[in-house]
Each structure stands twice: as C-alpha cells, then as structure tokens.
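Trainee: Could you take me through one part of this model in detail, please? I would like a close look at the place where the two chains meet.

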Number of protein chains: 2
Amino acid sequence: MYIRTIDWKNNKIRLIDQTKLPRKLAYLDIDNLKNLWQAIKIMQVRGAPALGAAAGLGMYLGIKDYPGSDWSGFSRRLNKAAGYIASSRPTARNLFWGIERICRIAENNKKQLIPKIKKIILSEAKKIMREDMVSCRKIGACGAKLLKDSSTVLTICNAGILATIDYGTALGVIYRAKEEGKKIKVFSCETRPLLQGARLSVWELHQKGVDVTMIADNTAAWLMRNGEIDAVIAGADRIAANGDSANKIGTLNLAILCKYHKIPFYIAAPKSTFDLKIKNGHSIEIEMRKAEEVSKILLKKDIAPFGVKVLNPAFDVTPHQLISALITDRGVIRRPYFKNIRKILEREKCV
Amino acid sequence: MYIRTIDWKNNKIRLIDQTKLPRKLAYLDIDNLKNLWQAIKIMQVRGAPALGAAAGLGMYLGIKDYPGSDWSGFSRRLNKAAGYIASSRPTARNLFWGIERICRIAENNKKQLIPKIKKIILSEAKKIMREDMVSCRKIGACGAKLLKDSSTVLTICNAGILATIDYGTALGVIYRAKEEGKKIKVFSCETRPLLQGARLSVWELHQKGVDVTMIADNTAAWLMRNGEIDAVIAGADRIAANGDSANKIGTLNLAILCKYHKIPFYIAAPKSTFDLKIKNGHSIEIEMRKAEEVSKILLKKDIAPFGVKVLNPAFDVTPHQLISALITDRGVIRRPYFKNIRKILEREKCV
C-alpha cells in the first residue's frame, strides 16, 4: 500500500489525521491557516520533515487570497503567516526551515507581480515535498549499508512515512534494507506519552510487511541486555552544529542504554533538520506539553489521581558523544561531528 | 490516613483491590484459594512483601477446612495449597518464602493435633504481617540516613504501602525521611505497562502529603541530565546472593541512567526478598505477561493495531555492579555484595 502523509489537492492541504491512527486511515483537508496551526498543535500532522512540508504549504495558504498587488502589503501578510505557523510548535527545525525557505524565495522574486509570486511560493512548497521524497530515499540508501542481514533494530516514536512525505528517515533505512533483501526485525518503543511508536510506527511497518514487535518503553534495557538489539535508529527534530540531537523524549534514554551495552546508536535526518546556527543542544528549546497527555492516555483514559502534578517535556537532547553516526541525505556523518557535519552537508549526493 | 494493604478479618483475607486505584479505595474479602490465586494473578494484590503476607494467609485458607485428623492427609492438603499459590506468579521471592515458612512451621509441629496446627499456621501468617510492618520501618530508618534534606528522589513502580502491609520499602525510606523533617520531592515513573507508578505510588504519596510529580517513563533520562535527581530508590522482587536484583521492568533502565549520570541507585527490600540459594540474576525466572497489558491500556483502551506482536516481560534484573547500596531491614549493604549480604542479613537489627 502506498501511503502519503501530506499532499496538495484541490487547492487544499490533504493530510492523514494521525490522531485517528491506527484505528482509521482518515484524511483531513485544510484550507486555512488556523486549522493548519491546530492540526500541528494537536499533532494530526507531526514529524520534523512533514512539518517542513506543512509549513511550506501553510505559507501558501496564508497568502493565496491576498487581494492586493503591492509587495509591501504582501510581504506583511507573508510575515504574519510565518509568525503564526512558527508559534505552533517550537522544537522541530524543519518547521522553521520551511517557513524561511518560502520567505526567501518570495524575497528573491519580489520584483515579480503578486500572482506570479504566489505561484512561485506554491511551486516551492511542492518542491519541498518532492525533495523530501528523494531525500528520505537517500537517507535510506546511506543507512541501509550500516545494517547487516538479519539485524534487529530498535526505534522510538515515528520517524517513518508518517513523519515525512512517503518514505521515512529512521524507518526509511529499514524499508531500504528490506528492499535490498535483508531480513530486518524491528522493535518499536510504544513511546509514551503520545504513543507514536504503538500507533504510527507499528501500523506503517505492518502495512509495509516488516516484522515488528511493540514494547513498553521500559523494556528497551532488558532487550539490550539479552543481546536482542543490533542497532537503535531514531529520527531527529533538530540537530545542532556539534551533532547534539533533539528528538522525542526517551531518545536520550536509548542512547545511554546503547553506550552501556556497546550497541550502535544512529540518528537519521535530512539536511533540513540541521540548525548550524546553534552550537550545541543547550540552545534547543524543549516544548513542554500539557499534563493531560501523561495523566490521561490519548486524552481519554485517566490513569492517575485527579490533579496530579505532571512534567511533560516533548523532547530531549542526545549529546553527540552518544551518537555513533548521523545518517543524512548527503551521507553518513561520523566524528568529529562539528567538522564533518559542515563538510558532508555541502555535498550534493549521498556517497 | 492510615492505609493497610492486607489484613485478616472475619476469617477472610481483606485486601485493597489495587486494580481499582486511584479511582476507588475498594476492599476485597477473600475466603478461598481460587479467588486468592486470581487476585495475585491479575494483581489486585502485588508487591513482593504483600505477596509474602498473601501467601501466608493463603496457606491457611488452603487448610482451614481440612476435615481429617491425620498429618499425612493434612500435609498433602498443605502441599497442594503451596503448589497452587506458587503457580500464580514466578518472580517475587517473598511469595515462595511465605509458603515455605508456613510449610516449615507445620512440619515442625506435625506431632500436634490438626486443629492446633491450623492455629499455629494462622498465627504464623499473622506474624509475617507484623514482622513486615516492623521490617519496613527498619528499612525506612536505614535508608533515610542516605537522603539529605531537600533531596529529590526518583522511583519506579510501587514499592510503597501498597506493596507491603502498611509502610513500604523504597517509599518507606521517603516516609521516614519526611517524618524526620526532611523535605523530599519525589518523581514517580508512571511505570508502563500496568502503571503502578501513576496509579499507586502517586496516589499513596499524595495521601501521605509527599510532594510528588508523575512522569512518563521516557522522561527519566532528561530529568537526570538536567540535574534534577539526587537518588533513585526502587524495590525488589528477588535479590540473588551476589546482589543482582529483579524488579519491575524499567528498573535496569534507571540503574544504567544513574551510572551514566553518577547518581546513587538504591534497592530497598527486606531480608525475605533475598534468595541466597541463587548465585546471580541469570537464574531468576522472568514472568512474561500477556500482550494486551501493553497493547490495551489497563486492558481497556486499545493503543496499537489489532493483533500486534508484543513482548511483555514483567521484570528485569539489575546487575549488582549498578547498585550503589541495598537498603534492608538489617542495615545498608554495600560492596562487596556477596560477602556483605551474608554478613549483614544475619544481624538481628538495623544498625
């Protein structure tokens, strides 16, 4: 089954409503910025690369009905859309990267007529999606080389099709290894609080015919100690210049367990997830989400005493020292990260 | 509020139905072995020391209506009860310890008349409960010395009142520190899959006025990295002669995180949890529980695709190398564990 997370259809953003999975594969059509903001906020669409695409298309939604023909008014409208989309979630680099890319292409074409600029923006937003499709396949190709036949991979959250346009980063590596004929077994951490592992990764891996087993997050150390895990591959929401990587809360946990058990720990992400303006992970803003995501399962089933105090950071930062390699669309990056990230991201192709 | 997990009332076992917490503090009265077996299996009563008490009282339920007056028939009935109770859950040492203790006292009194032996058994079962109440307070006193004022402690699962008769082991340390006037802040891992942290520890800590915050299990590493945790204290279900300790799945995880972050990791348990017949943790049988505990929250809310493969070990084993000290009712045991466990467990008192 071909699954496409986000697309532009009939002048609207069409996306899979990820809050409905795994029970229902339902689509949302979004034609205004407010609904997109909401969809990002409540995570009907999530995953750094998918957010980059949502931001690009969202910018077009923000300006497509601008009635004027003056650049200055149009530019104000564009900046307003940018600020609004950017306020939805703070951590994933790709969201901001998508916004900035649209702003840049508009700025570069500001001498054009407004209808023409609108067309250029839509075309750029579509290009972001096309590039992601290529990019994920490059990540898959680079990463699959790191996996031997009959490997067992542990992953967390969802860095798969549903986090990108149609292929995945961390799970893209697994899909590619499978395409190459390797037998890969996957353990998926359920990924509390929002259970993206259980709901999304298990679902899409199953759709794609991958042998997947779900575990409670607490089971990872036990599996490693029993020698069951050959590698951990996770996605990323933002990667600093030194390689420090923000990803779903619990990722740091797995990286430390890998260090202790001498298991390779990989981060898979496209160039657009790197934020070379920040030196290290300390500058990455960690989104704090509401208590009910923890105290009520999927905001429905209460599991704790009413009014319980909860701390609910959505991400943690894995220091580069714990990362065996960064699997990118430009190639696999190894230590020293600060130097090699710059060098390798400049390449045009995966080598 | 005084909370008592298990008691003997009106010729029945009265216990708090822990599957109903935190919504309802409901009691179960159990007057036959089958219902007790079921209550242990589905974890209406759980926690190693509470299971020791349940086993003792259960042995009495198993023989109290024996109509004969012959030791050999009575002894067969006793052994049948022993085997049946022992088949409920495999990991917690205290369950077997309680059974063995009753068998021993019966054997030692086999020359007595059967009604007298029955009385002796009930009296021994009650003694197990009284001893646990004292024992937990000793653990609390020994452990509290390890906590400075204004410490923040992270714990997993429930090693509190609800895992014992009325005081707790790991949480007993916290209650005692609080009684001594120390300000202790607690983070409680929710403890997937069965959420004993969220449902039980958060509940009882709140009842006892302790400052407690719930987290998803995935958040532990982030808290430690931010310098928020001064110590981790967990309970144990079985401790081998070398100090290797089986406890709720996820405990090994925390021990490794502590090692990485140089945070003390303590196990708190009474002498009855030690199994000196086994050399190390490799011989501890790990209970595998059913998939639905992971794929459906509290067996109700589905969170994964139907028919998903699940691995659900209930426990993991933390190797002694990762344990900073064992807090027992005979004192705090430090390395070398093999030697010191034997030496200190022979003591009569906490020193």
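Mentor: Happy to! The same surface serves both copies, since 100% of the contact residues of chain A recur in chain B.

A word on the ground rules. This is a predicted model, in which local features need pLDDT of at least 70 and side-chain atom pairs count only at pLDDT 80 or more, while totals for chains, interfaces and linings use all residues. Residues are numbered from 1 along each chain as its sequence is written, chains are lettered from A and ligands numbered from 1 in the order in which they are written, and side-chain values use heavy atoms, with hydrogens and water left out.

Now the interface itself. Chain A brings 57 residues to the contact and chain B brings 57 residues, where contact means heavy atoms within 4.5 Å. About 4,800 Å² is buried between chain A and chain B, with carbon and sulfur atoms giving 68% of that area; buried area is the accessible area (1.4 Å probe) that two parts lose on being put together, summed over both.

Charges take part too: the rule finds 6 salt bridges across the interface of chain A and chain B, each a side-chain nitrogen of Lys or Arg within 4 Å of a carboxyl oxygen of Asp or Glu. One salt bridge joins the side chains of A:K309 and B:D211, at 2.5 Å from N to O.

Which elements build this surface? Those giving two or more residues to the side of chain A that touches chain B include helix 7 (196–207), strand 6 (211–215), helix 9 (251–261) and strand 14 (309–310) of chain A; helices (H or I, at least four residues) and strands (E, at least two) are DSSP runs, numbered from the N terminus. Helix 9 of chain A gives the largest share, 6 residues.
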